[in-house]
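Thanks for coming. Please have the sequence and the model open while I talk. I will go through aromatic rings, then strands, then a cavity.

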Amino acid sequence: MIAIQFGHYSLLASLVLAVFGIGACIFGALKRRADLIAAGRNAAVGVFWLVSGASACLIYLLMVRDYRVEYVAGHVNNTLNGFYRFSAFWGGQEGSLLLWLLLLCVYAYVVIRQNRDRNLELMPYVTATLMATALFFLVILNFVTPPFDTLTAPPADGRGLNPLLQDWGMVIHPPNLYLGYVGFAVPFAFCIGALASGKLDTDWITSTRRWTLFAWFFNGVGILLGGAWAYKELGWGGYWAWDPVENASLMPWLVGTAFLHSVMIQEKRGMLKVWNVSLIIITYALTIFGTFLTRSGIISSVHAFANSSFGWAFLVYLLVALVISFGLMIWRLPELQSEHEMESFFSREASFLLNNVVLVGITFAVFWGTIFPVVSEAVKGVKVTVGPPFFNQVNVPIGLLLILLCGAGPLFAWRRTSRKQMNRSFIYPSVVAVGALLVLALFGVRHVYAALAFGLCAFVVGTIVLEYWRGISSRVRHQGERIARAAWELTMRNKRRFGGYIVHLGMAILFVGVAASSAYQEVGEVRLRLGESFALDGVRMRYEGIRESTTPQYRSAFARLGVYRAGFRIGEVEPEKRLYFTPPQPTTEPGIRRGARSDIYAVFAEADPDGTATFKFMVNPLVNWVWAGGVVFTLGSIVCFLPERWGRRRKKRA
Amino acid sequence: MDILGAVIALGAVGAAFFYTIWPIMRPQTAQGVLPDEDSAQPLSNRELTRLLMEREQAYKNIMDIEFDKEMGKLSDEDYAQMMAPARAQAVEVLRRLDARGVKEGMAPVQVTEREAAQTAARLETEHPPPGKVAVEKPLSLDERLEAEILRYRKNVGKSQDESAVSSSDEQMKSMKPRFCASCGNAVDEADNFCSSCGRQLS
């Protein structure tokens with residue numbers, strides 16, 4: 001009971017403190033009162049401690065299965081192990097909103113500690129902005145979906161966690177994505193701080209560069225983990241379905257990517273100030289919109305784990321945030337003029353700008369496709385479903401342009417590049433791309449989009465190799481280093497640039513996987529008797545037996561399938577069909593034989609009493625390249641994130 | 001049990017509230033005024049800060065052009081064309097800093113705006129007599145630029161991302177192109193006179 005009361009009162013007190021903090025910070029900044037600003041800052045720290053306490057209470061209540069609490073009774077049961085009981089913290093509505101708030105408060109706390117004697121003009125507004133976001137979640141957690149509500153008659157056993165969420169990928173995917181979502185609040189808060197205080201130089205950008213990178217990285221990894229989970233758990237053989245909630249996580253990442261690129265232009269050339277402010281405001285708005293989509297249930301989705309009717313609150317908050325942010329921006333417009341003009345279309349600046357336009361274009365297409373069902377229902381009364389064909393049709397060509405830019409951008413110099421120099425730079429990657437296309441044509445690749453994607457990815461790889469080769473040869477020439485040392489030094493001395501190239505390389509690998517697995521996926525559905533087999537894309541699968549097992553949570557049936565290629569047995573897969581006891585729900589666990597060339601993916605659809613069984617088979621070519629690309633993306637992001645002095649050879653003094 | 005829970009919760013909440021209002025209650029900071037970063041700074045300091053930041057930007061531009069050249073993205077003509085105004089801009093900033101009595105070595109190279117403001121404030125208050133910090137044989141502005149960019153590169157080598165490829169100062173000096181101090185034209189290491197304006201090179 002102590003934990004319940006503590007959690008309840010902590011959230012209530014946090015709400016009061018947040019309101020006070022916002023008022024004290026803004027009033028203190030306007031009146032230049034250090035004591036009020038310090039009080040506002042302390043209020044934010046107080047909110048951090050209280051929300052942390054409340055979160056600890058909820059986790060404790062879940063771990064000890066205190067069924068008096070409605071949330072606990074609804075999301076764990078007696079058979080659920082400790083790992084999933086812990087993850088039930090974000091398995092439902094109230095808990096996941098509390099996690100959002102907790103992360104926000106942790107970030108606010110870290111930002112306050114980091115800036116104790118820096119950015120003094122900005123900090124009151126930064127704290128107020130972060131607390132305003134926290135206030136919104138506190139209002140919901142106190143008055144709409146309180147996590148510490150109790151039941152008058154506690155049940156003997158809880159309802160348990162949704163079986164689909166009982167997977168390690170699902171345990172780490174939501175916090176991962178939230179780390180990213182919430183992280184974007186920090187650069188947004190600094191942007192608002194810069195607008196409100198009038199300190200519009202690049203300080204707000206340089207102070208939050210790592211935060212932006214951090215948020216963007218976790219957002220990206222969260223998306224990939226979500227894809228990996230869908231592939232492994234949902235049993236439809238894919239990893240991306242343009243589901244509204246998937247789109248909701250992709251949109252802030254896309255705009256965040258645009259922001260990461262365009263801030264470099266502001267840092268270097270003092271241009272695109274209004275654009276950068278707009279991008280970070282939109283990114284923040286999209287993270288709130290994403291949370292709204294996931295939590296409101298307004299659009300049907302595979303993520304309908306938590307539906308509620310408080311969507312209006314999100315929309316109101318979103319509207320208020322947008323009006324205030326863009327209002328501040330318009331107020332400061334005269335001070336946000338560019339310091340320089342774009343000198344040439346053939347420059348790094350221009351290629352970054354084009355990449356921005358493309359990224360925002362994709363975001364707009366995704367946004368429109370995502371909200372269209374709601375718009376059509378509101379306008380015509382008919383809920384039109386917008387499926388993958390729309391998204392693919394619109395986004396694949398734009399996506400190809402994006403890959404091209406990914407390869408071309410690094411080849412331009414800042415300010416301008418002469419035609420002769422451009423020819424020299426472009427010739428090698430272009431030869432690589434054309435060579436790759438010829439080889440693919442020889443091997444019978446006729447799918448236009450896929451071939452283009454492969455060719456462009458080869459172009460990107462060609463560019464990166466060329467950049468490395470130029471840098472390494474320069475170091476070898478001037479420093480007398482060996483190639484491996486030169487590559488290391490080059491990367492460590494230019495982390496932002498070469499870390500970025502590694503991220504580009506990861507994206508190229510990922511796109512190859514996406515193109516191959518979507519263009520060349522083979523699917524077959526068949527009913528087999530014991531001993532019968534089915535061939536698909538050169539792979540034969542033989543139904544060899546069935547076995548059953550029971551765990552405390554579920555009963556399952558495994559079908560054993562032998563996998564043969566060219567007459568040789570290369571292994572077996574065991575797709576599984578589960579029936580969970582609480583809540584009673586069937587799930588399918590596909591049997592996957594992973595390989596560098598292709599994945600063999602089998603789904604056990606049903607077993608009939610006559611001894612036959614229905615299977616769905618898929619051969620997904622190069623799907624593992626998607627995950628491999630994700631690993632390279634992670635490495636590149638880590639390089640960008642490393643402290644600037646890390647990893648460099650110390651100079652020897654003579 | 002209920003009462004104990006309420007007491008603990010109220011204790012925590014009370015502590016948080018007390019912590020929050022403490023800065024207002026505390027006598028030292030009561031009615032305290034925010035230390036002003038900009039408006040409290042004297043006008044001359046602000047001017048100096050701006051000059052230091054301009055110098056920072058000018059050096060960064062030079063480094064960027066050099067890196068692009070090193071990576072084969074700029075032809076010799078493009079390089080010379082872009083470098084001349086970039087260096088002229090840097091020389092101009094140095095000239096203005098000189099006019100304010102800020103000689104080589106008095107203000108650190110590679111600064112953030114905050115550091116620039118602090119340096120500006122220090123320089124304004126200290127006002128060391130000229131000549132005390134000046135080197136024995138006064139350097140021309142262009143030579144100073146060379147020296148400062150070397151120092152900058154050294155600093156960047158420690159902390160900035162997009163630094164030039166080289167790490168050793170001596171090697172940098174030997175591979176770095178020279179420029180005419182008069183017209184900014186790129187000249188060879190062995191040249192004694194500028195091929196463009198004819199001025200004797202130092």
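Over all chains, the count of aromatic pairs comes to 47 in this predicted model. A pair of rings is described by how far apart the centres are and by the angle of the planes. Take Trp216(A) and Trp253(A) as one example: the ring centres are 5.6 Å apart and the planes stand at 15 degrees. Planes under 30 degrees apart count as stacked, so this pair is stacked.

Where do Trp216(A) and Trp253(A) lie? Trp216(A) is in helix α10 of chain A, residues 209-234, and Trp253(A) is in helix α11 of chain A, so the pair ties together parts that are 37 residues apart in sequence. Are these two residues buried or exposed? Buried means under 20% relative accessible area. Trp216(A) has 5% relative accessibility, so Trp216(A) counts as buried. Trp253(A) has a relative accessible area of 12%, so Trp253(A) is buried as well.

Now a second pair, Tyr231(A) and Trp627(A). Their ring centres are 6.1 Å apart and their planes are at 55 degrees, so the pair is tilted. This pair links distant parts of the chain, 396 residues apart: Tyr231(A) belongs to helix α10 of chain A, and Trp627(A) to helix α20 of chain A, residues 623-641. Both Tyr231(A) and Trp627(A) are buried.

Ring pairs also link residues into a cluster, and Trp216(A) and Trp253(A) are among its members. Others in the cluster include Tyr107(A), Trp211(A), Phe214(A), Phe633(A) and Phe641(A).

On to strands. Strands of a sheet pair through backbone hydrogen bonds, in a parallel or an antiparallel way. Chain A has an open sheet of four strands, in the order β1-β10-β9-β8, and the pairing is antiparallel. Which strands are at the edges? They are β1, residues 522-528, and β8, residues 591-593, both of chain A, and each pairs on one side only. From one strand to the next, the twist averages 20 degrees. Between β8(A) and β9(A), residues 598-607, there are three bridges. In that pairing, Gly591(A) stands opposite Ala602(A) of β9(A).

Next, strand β2 of chain A, residues 533-536. In a regular strand, side chains alternate between the two faces of the sheet. In β2(A), the covered face has Phe534(A) and Leu536(A), while Ser533(A) and Ala535(A) are on the uncovered face. β2(A) pairs with β3(A), residues 539-550, in the antiparallel sense over four bridges. Leu536(A) stands opposite Val539(A) in β3(A). The two strands form a hairpin with two residues between them, and Asp537(A) in the turn has a positive phi of about 50 degrees.

Last topic: empty space. Rolling a probe the size of a water molecule over the atoms shows where such space is left. How many cavities of 30 Å³ or more does the structure hold? There are six. The second largest cavity has about 60 Å³ of space. Residues of both chains line this cavity, including Lys268(A), Arg269(A), Asp64(B) and Met82(B). α2(B) gives the most, with four residues. By class, the lining has five charged, three nonpolar and one polar residue.

Conventions. Residues are numbered from 1 along each chain as its sequence is written. Chains are lettered from A and ligands numbered from 1 in the order in which they are written. This is a predicted model: local features need pLDDT of at least 70, side-chain atom pairs count only at pLDDT 80 or more; totals for chains, interfaces and linings use all residues. Side-chain values use heavy atoms; hydrogens and water are left out. On a 1 Å grid over the protein atoms alone, a cavity is a set of points where a 1.4 Å probe fits but cannot get out, and a pocket is an open set with protein on both sides within 12 Å along at least five of seven lines; lining residues have an atom within 4 Å of a point. Grid points are joined across faces, edges and corners, and a volume is the space filled by probe spheres set on the points. Ala, Val, Leu, Ile, Met, Phe, Trp, Tyr, Cys and Pro count as nonpolar, Asp, Glu, Lys and Arg as charged, and the others, Gly among them, as polar. Two strands pair if DSSP finds at least two bridges between them. Axes are lines fitted to C-alpha atoms, for helices over the stretch in contact, and angles run from 0 to 180 degrees between N-to-C directions. Rings of Phe, Tyr and Trp (its six-membered ring) pair if their centres lie within 6.5 Å; planes under 30 degrees apart count as stacked, over 60 as edge-to-face and the rest as tilted. Buried means under 20% relative accessible area, exposed over 50%, partly exposed in between (1.4 Å probe, protein chains only).
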